[in-house]
Amino acid sequence: MSKSDVSDKKVALVTGALGGIGTAICEKLVTSGYHVIATLSQEDPERTKKWCEDNGFDSNNFEFLAVDLSNHETAMAAIQQTIDKYDSIYALINGAGITRDSSFKKMSFAQWQQVIETNLTSLYTIVHPVFVKMLEQKTGRIVNISSINGLRGQYGQTNYSAAKAGIIGFTKALAYEGASSSVTANVVAPGYTYTPMVESVPEHIMDKIKETIPMSRLASAKEIAAACMYLISEDAIFVTGETISVNGGQYMS
Ligand SMILES: NC(=O)c1ccc[n+]([C@@H]2O[C@H](COP(=O)([O-])OP(=O)(O)OC[C@H]3O[C@@H](n4cnc5c(N)ncnc54)[C@H](OP(=O)(O)O)[C@@H]3O)[C@@H](O)[C@H]2O)c1
């Protein structure tokens with residue numbers, strides 16, 4: 001895809017694009033006329049083809065970028081090379097994330113490190129090159145996806161909660177640095193959301209979880225995507241360093 005092919009479109013980069021929430025974000029972006037640079041963790045043309053077919057997406061609206069965000073040097077070089085092809089990157093939405101749950105007592109250093117590297121350290125890898133470009137452009141929107149469990153903590157998720165809380169601190173600090181260049185940085189903090197990440201939770205445990213949610217249900221991925229779309233909209237130009245919770249009232253910070 002050359003610069004001229006997408007010159008009439010705003011460009012958005014989405015990490016974890018093929019995941020549950022990422023797919024809903026991509027759907028809203030292409031419907032709103034964006035060209036999307038969609039990252040996945042490994043090169044897989046069959047997968048991206050099927051993903052487009054399953055979701056009714058025109059593949060011409062996407063550039064797929066295979067980057068393992070836990071591999072800093074390779075990933076950062078690939079991201080830099082890709083964004084250099086575009087005149088501007090209007091929005092960056094970071095949805096890539098993993099869980100490796102365990103009580104802290106039993107948690108291995110590998111479980112700790114994988115989650116911190118993939119969910120938090122990766123923000124340097126992805127945001128740094130894009131942020132520098134946005135500062136030059138004097139416009140840009142960054143949305144980082146945290147979690148309710150980064151705000152309140154969760155048993156068995158010291159690694160995940162630490163990373164997701166770190167995302168919020170990172171975003172607030174970045175918001176200061178982007179403000180004079182009209183680059184905003186915000187967080188969306190989902191509560192439990194219907195995606196592959198939670199589909200494996202047994203039904204009886206899910207029923208217990210729902211009892212703790214005032215709205216008695218999980219979020220849909222579309223509801224998380226809608227909050228992201230607000231934060232990259234013209235209406236949100238004066239909103240920066242903020243965290244929007246989308247959790248049915250489960251935790252009000
Ligand atoms: N679902 C929930 O209830 C919930 C609640 C709160 C917060 N969140 C957060 O929302 C975000 C999206 O979650 P989801 O439910 O949509 O999960 P998901 O379907 O598992 O998607 C997560 C995505 O992260 C990508 N990813 C994982 N490791 C990566 C790596 N090393 N390099 C590059 N990409 C990597 C995966 O890409 P590949 O598929 O290409 O491997 C995957 O598409 C996550 O940050 C999650 O923590 C989810």
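How many of the residues of strand β1 are buried? Five of the five residues of β1 are buried, so that this strand is mostly covered, where buried means under 20% relative accessible area, exposed means over 50%, and partly exposed lies in between, with a 1.4 Å probe and protein chains only. Both faces of β1 are covered, with Val11, Leu13 and Thr15 buried on one side and Ala12 and Val14 buried on the other.

The model is predicted, and local features need pLDDT of at least 70, side-chain atom pairs count only at pLDDT 80 or more, and totals for chains, interfaces and linings use all residues. Residues are numbered from 1 along each chain as its sequence is written, and side-chain values use heavy atoms, with hydrogens and water left out. Helices (H or I, at least four residues) and strands (E, at least two) are DSSP runs, numbered from the N terminus.

Strand β1 belongs to an open sheet of seven strands, whose order is β3-β2-β1-β4-β5-β6-β7 and whose pairing is parallel. Strands of a sheet pair through backbone hydrogen bonds, either parallel or antiparallel, and two strands are taken as paired if DSSP finds at least two bridges between them. At the edges stand β3 (62–66) and β7 (243–246), each of which pairs on one side only. Neighbouring strands of the sheet are turned by 15° against each other on average, with direction ignored. Between β1 and β2 there are four bridges in the parallel sense, and Val14 stands opposite Ala38 in β2. Strand β6 (residues 183–190) also pairs with β7 in the parallel sense over four bridges, and here Pro190 stands opposite Val246 in β7.

Contact means heavy atoms within 4.5 Å, while axes are lines fitted to C-alpha atoms, for helices over the stretch in contact, and angles run from 0 to 180 degrees between N-to-C directions.

Helix α1 (residues 20–31) also packs against helix α9 (residues 221–232), at an angle of about 50° and with the axes 8 Å apart. That angle makes α1 oblique to α9, because angles under 35 degrees count as roughly parallel, over 145 as roughly antiparallel, 65 to 115 as roughly perpendicular and the rest as oblique. Among the residues that make the contact are Ile21, Ala24 and Ile25 of α1 and Ile224, Ala225 and Met229 of α9. The contact residues divide into 11 nonpolar, one polar and three charged.

Lys138, in the loop between α4 and β5, has a phi near 65°, a positive value in a residue other than glycine, and at 54% relative accessibility Lys138 counts as exposed. Ser182, in the loop between α6 (158–179) and β6, likewise has a positive phi, near 60°, but Ser182 is partly exposed, with a relative accessible area of 35%.

Terms used. Ala, Val, Leu, Ile, Met, Phe, Trp, Tyr, Cys and Pro count as nonpolar, Asp, Glu, Lys and Arg as charged, and the others, Gly among them, as polar.
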